[in-house]
Amino acid sequence: MPNYFGIRHLSPNGAFNIRRKLDELKPKVVLIESPSDFTSFIPEFSNKEVKPPFAILAFTSEKPIKTVIVPFAIYSPEYQAVLWCNENKVECRFIDLPSDIVISLELSLDEKIKELDSKDKDDKSIDGGVKYNFKYRSIYDLLEKKYGSHETFWEANIEHTNNQDDNYFEAVNSYGAELRSVDYLNNLSNSNNNKNNFDFANNYIRESYMKAQILEVLDNNKKISEEDIVILTGAFHTEGLKLDNKGVTPMTKKELASLNKLVKANKTVTQKTLMPYSYFKLSKQAGYGAGNNAPNYYHMLWNAINNSDLDSIGIEYLTSIAREMREEGHNASSAQVIDAVKLSKSLAYLNNREYPTLLDLQDACLTCFGEGELGSIAKARTITEIGTTIGYLPDGMSNTSIQQDFNNNIDDLKLRTYTTITTNEVSLDLRENIHVKSEKSAFLDLNRSFFLHRLKTLGVHFCSQILHSQDSASFREKWNLQWSTEVEIELVESSLLGDTIERASIQFMRNSIEEDTSISNISKQILNSFLCGLPEALSEFIVIFQMETIESKDFIGFANCIDNLMNIINYGNLRKMSKSNLESTINMLETLYQKVILMLDDNLSCDDSQVKAMIKAIDIIDKLTIDFESIDNKQWLSILDNITDNLNINQFLAGYSTALLLEKGFYTPEDVEKKIIFHLSSSIDGKITANWLEGFCMKNRYQLILNLNIWKYLDKYISGLGEEDFKRVVLFLRRAFTKFSSSEKDSIVDNLKELWGVNIANSEINTTITKQELEVFKNLASIIDDEYDFDNI
Amino acid sequence: MSEIQRQSAENLFQKEINALIKAEKNPVPTGWKMSPRSVYTYIVGGKAGRTIITPKYIGANRLVEIAISTLVTDRSLLLIGEPGTAKSWLSEHLTAAINGDSTKVIQGTAGTTEENIRYTWNYALLIAKGPSDEALIKSPIFNAMESGSIARVEEISRCASEVQDALISILSEKRISIPELSKEVPAQKGFSVIATANTRDKGVNDMSSALKRRFNIVVLPSPASIEQEMEIVKTRVEQLSNSLDLNAKIPNDDVVEKVCTIFREFRDGITLDKKQKIKQPSGVLSTAEAISILANSMALAGSFGKGEVTNYDLASALQGAIVKDESSDSKIFLEYLENVMKKREGDWEELYKECKKLNSGVK
């Protein structure tokens, strides 16, 4: 019988034990569960420059892009087995289904499942069929309930077994066998679940193929006996691959041919490459074998097992946490490390574990370092558990799917001619081109825009947008395109974020939001996802925005976000936005509107440096109430109305609101006249009056100039001021009127002439300021300089 | 039946404790009555021989493990949580199981003095005979040190900071000195302290980080699921209405669910479907408070209404519970009403209208 070794993928103890067993057995052939079309890559694993983690990657170049990724870390049993074979010059082969069959099966099955599922929905009678009492729960759920997490179960029972005899393999094999029988029951009891049935079938096909591969090795080389072979697979498959297990028959040539026929029918062609991987990415991949949640911790475990010192792992973990916390400026002493080590051991003891597991260490860390809360320890934990390790492959070894995807897009979007080392300008018209027949060409420029925005997001310097002035039409975009070797490198780096430009750019935005949850950043990414034509990301970010910004009091940030959303909604049709996305954007806009108008009150007492931003925010909200019918503008008008007489807020804003309401027809000129009289009353501080006037003039000079009555009151007001008061007020008044144009000033002079009943040339009054006068102003300004910034007098 | 209004945990569950001690198979730490695993069974429920052990603390079993493990390592334990998260309950049962004695308690108040933590004197004897062992009155902590058992300090954050500081030296030195008698009393093995503290109540003294460092801190959460919380609320409201003669029908599940939903959403700062974040009001909306507002609306309905809790009764009770600090809370509630409750499907509309009416007057 061949030597079967079931392992858990990404298992440090498995990696250690398989090397030990290989040394002991000295097999002639080692067969490993990985796509067989990657066997030719085996020598590359031992290249001196290759640094794990890396992955083998197969991908289709035609849409829909499908991938097969198998990552390897230093503690992968498969990786260590390959290294052993290369070191000992022993034949090594991958024996799982080739990647094109894997992808082709997946494509066909997906389609079939969809078809069957929709049929099941129509055909209600199926529900009335046989019901099984055995209520299946995922094995992971069961373990989760009993052990807190299935990882903890694995770690305690498999990673911490002592490494004598075959303890590790015995533990893994019995687990694999149990898993297999649960899977079998599961299949029986869920025969109505189409996806489940196909998963079951898929496993059978794989095992059948692997079995045929084992027999092929034996048949082709008579010198090799069964005992000379080591077979390394996930523990689940061990039972199925045993040559005497009649439950799984080896795949016949005819069966293989029919699979290959399927590949042809689906036109599945896969490209194969190695790609650098990172611990971060490994930690993000869910599911059995595809990743593991704490790669750096498992790396520590690998070192500890190699040093036969499992006791040290808790100390290493907790010291690392303490170090990282100190780096961040938190308190974390060696005394706390000691307490945490003691607690973790005590927790392990309470659960009958020989060594603390990661869960015990995490809880000890939470209790002793975090005061029961995750906040202060979160970052230290991420660094310690996930780590920042990135794999490396020498130049030229990698041909990633994202590079392929880039080239496909360039061809698809007819951009090849622009892909030169000199700069080319492209001008895009995003509107539908009605002179062409196919939809693809009708929206060619729009799709180009999406693609270029995605590259821009990823920081791939192939393109840069030429921003044009505000007034030019929004359906035009101009870009500069230029190819360079840096672009190639940036593309490969992006491959760590995703297999295609599209997925990578989504991931990039997600990461950005994860790092910076400020309103402005999330709002920026919402706009970005819109520009990139990524509707799923857009709706995802809208949800995140609502989650993250609830406590925020950043009024101006919210207003700017409203501006972004209005842009999205306005250009939604042009950029072919979906109806549901449009609705959720409008919904968010309405929610934000409620929020900002409730917040406005608290922000009105801002200091003068914020006035500009506040006025911009008020304009945005006002524009919103005008442009969107669904927004109830009554509330807005009444809030503005309350502002205008409020003397406790920044008076620029009060004046501005008055002008705004006048412009909107909410106030009549008579109303405004009353407000002006009120603000010119002698009991009000001169600064308030002048600021109010300046705010008013920002919006509507014309109304001010036209109304002769106002000038009458203003004249009366100024002549009524005492000398001291005049000195103060004249500066503010001057400032309020500096921005008036000379023709506007002329009209004022006309008003004054009429009021005073004089008839002289305008130039007599409307003169440029003399040096002498300027000196006087400057002196005045210096007296009250501490109150106000008069630099621009 | 006993005449005692409230029995201590070890008396109430004497049978279970005895059964666990009898069925003990694991090593028992010095000063303990049973092994850590048996303590765990006592708290979360299980079996000892043939005796069924009822669960005392439902929900986060892992936290119970951490609490027990902490006490095994001779560190002190600090249970932190919002009001109504069963902190004192857990601390009482832990000491009942570990020592068979949950009565060495210091109640932390603003009036607690250092003497309450250490020792004080019988002044008549002190004046008559001078300082002597006889005249010494030992604090519960002093007693716990001498007997190698666990003392409890309730509401530690209500004590003034100098009183909290008195604990620091006791916890790090594990001994009390009595200069008047020129002697020092070392703690016996098994001595520890379980303290409880409230995080969200206002008017609480902050704990110094020096003191915090001497504790392993476990944060007790609010009930994990709405179903769990509804169950707790329903049982308690029923008990309350019986003992208080509220003359109103027990609110049906629908009403309980509404209250629990609103409370949970405000407490977690997020809607139950996790789609929308919500601002949190200044007050604590604990499970205990949900119970009290339901009882409150029953009282309203019983005394002034038709004997059945209406949306109007509920709205006024909610308004009272949520809006504590006039301007900011009522804005938060209004935002919740407009953005969450109004858009909710089902029969929320009535309640929305009543709440809105009561909350109006806000710009």
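Predicted model: local features only at pLDDT ≥ 70, side-chain atom pairs only at ≥ 80, totals over all residues.
Buried here means under 20% relative accessible area, so A:Phe406, at 1%, counts as buried. Chain A has 793 residues, and 49% of them count as buried.

**Chain A at a glance**

- Chain A holds 35 helices and 10 strands.
- Take the contacts in chain A between residues at least 6 apart in sequence: 74% of them join residues at least 24 apart.

**Nonpolar cores**

- In soluble globular proteins, nonpolar side chains tend to be buried together.
- The largest nonpolar core here has 80 residues, and the ones with the most contacts inside it are A:Ile526, A:Phe545, A:Leu704 and A:Phe737.

**The parallel sheet of chain B**

- Five strands of chain B form an open sheet in the order 4-7-10-3-11, with parallel pairing.
- Strand 4 (105-107) and strand 11 (215-220) of chain B are the edge strands, each pairing on one side only.
- On average, neighbouring strands of this sheet are turned by 20° against each other, direction ignored.
- Helix 8 of chain B (residues 140-147) packs on the sheet and touches strand 4 and strand 7 of chain B. The direction of helix 8 makes about 160° with that of strand 7 of chain B.
- Strand 10 of chain B (residues 192-198) is mostly covered, with seven of its seven residues buried.
- Both faces of strand 10 of chain B are covered: B:Ser192, B:Ile194, B:Thr196 and B:Asn198 are buried on one side, and B:Val193, B:Ala195 and B:Ala197 on the other.
- Strand 10 of chain B pairs with strand 3 of chain B (residues 76-81) in the parallel sense over five bridges.
- B:Ile150 stands opposite B:Ser192 of strand 10 of chain B.

**The antiparallel sheet of chain A**

- Three strands of chain A make an open sheet in the order 8-10-9, and the pairing is antiparallel.
- The edges are strand 8 (424-429) and strand 9 (463-466) of chain A, each pairing on one side only.
- Neighbouring strands in this sheet are turned by 30° against each other on average, direction ignored.
- Strand 8 and strand 10 of chain A pair in the antiparallel sense over six bridges. A:Leu428 stands opposite A:Glu477 in strand 10 of chain A.
- Helix 18 of chain A (residues 444-458) lies across strand 8, strand 9 and strand 10 of chain A, running at about 125° to strand 8 of chain A.

**Aromatic pairs**

- Over all chains, a search of the whole structure turns up 27 aromatic pairs.
- A:Trp154 and A:Tyr175 pair edge-to-face, at 4.5 Å centre to centre and with 65° between the planes.
- That pair links distant parts of the chain, 21 residues apart: A:Trp154 sits in helix 5 (residues 150-159) of chain A and A:Tyr175 in helix 6 (residues 167-189) of chain A.
- A:Trp154 is buried at 3% relative accessible area, and A:Tyr175 is buried at 9%.
- A:Phe406 and A:Trp483 form a tilted pair, 5.7 Å centre to centre with 35° between the planes.
- A:Phe406 lies in helix 16 (residues 401-412) of chain A and A:Trp483 in the loop between strand 10 (476-481) and helix 19 (485-494) of chain A, so this pair ties together parts that are 77 residues apart in sequence.
- A:Phe406 is buried, whereas A:Trp483, at 21% relative accessibility, counts as partly exposed.
- A:Phe45, A:Phe54, A:Phe72, A:Tyr79 and A:Phe94 form one aromatic cluster.

Methods
Residues numbered from 1 in each chain as written. Chains lettered and ligands numbered in written order. Heavy atoms only, no water. Core = buried A, V, L, I, M, F, W, Y, C linked by side-chain atoms within 4.5 Å. Buried < 20%, exposed > 50% of the residue type's maximum accessible area, 1.4 Å probe, protein only. Helix = DSSP H or I, 4+ residues; strand = E, 2+ residues; numbered from the N terminus. Contact = heavy atoms within 4.5 Å. Pairing = 2+ DSSP bridges. Axes fitted to C-alpha atoms, helices over the stretch in contact; angles between N-to-C directions. Phe/Tyr/Trp six-rings, centres within 6.5 Å; stacked < 30°, edge-to-face > 60°.
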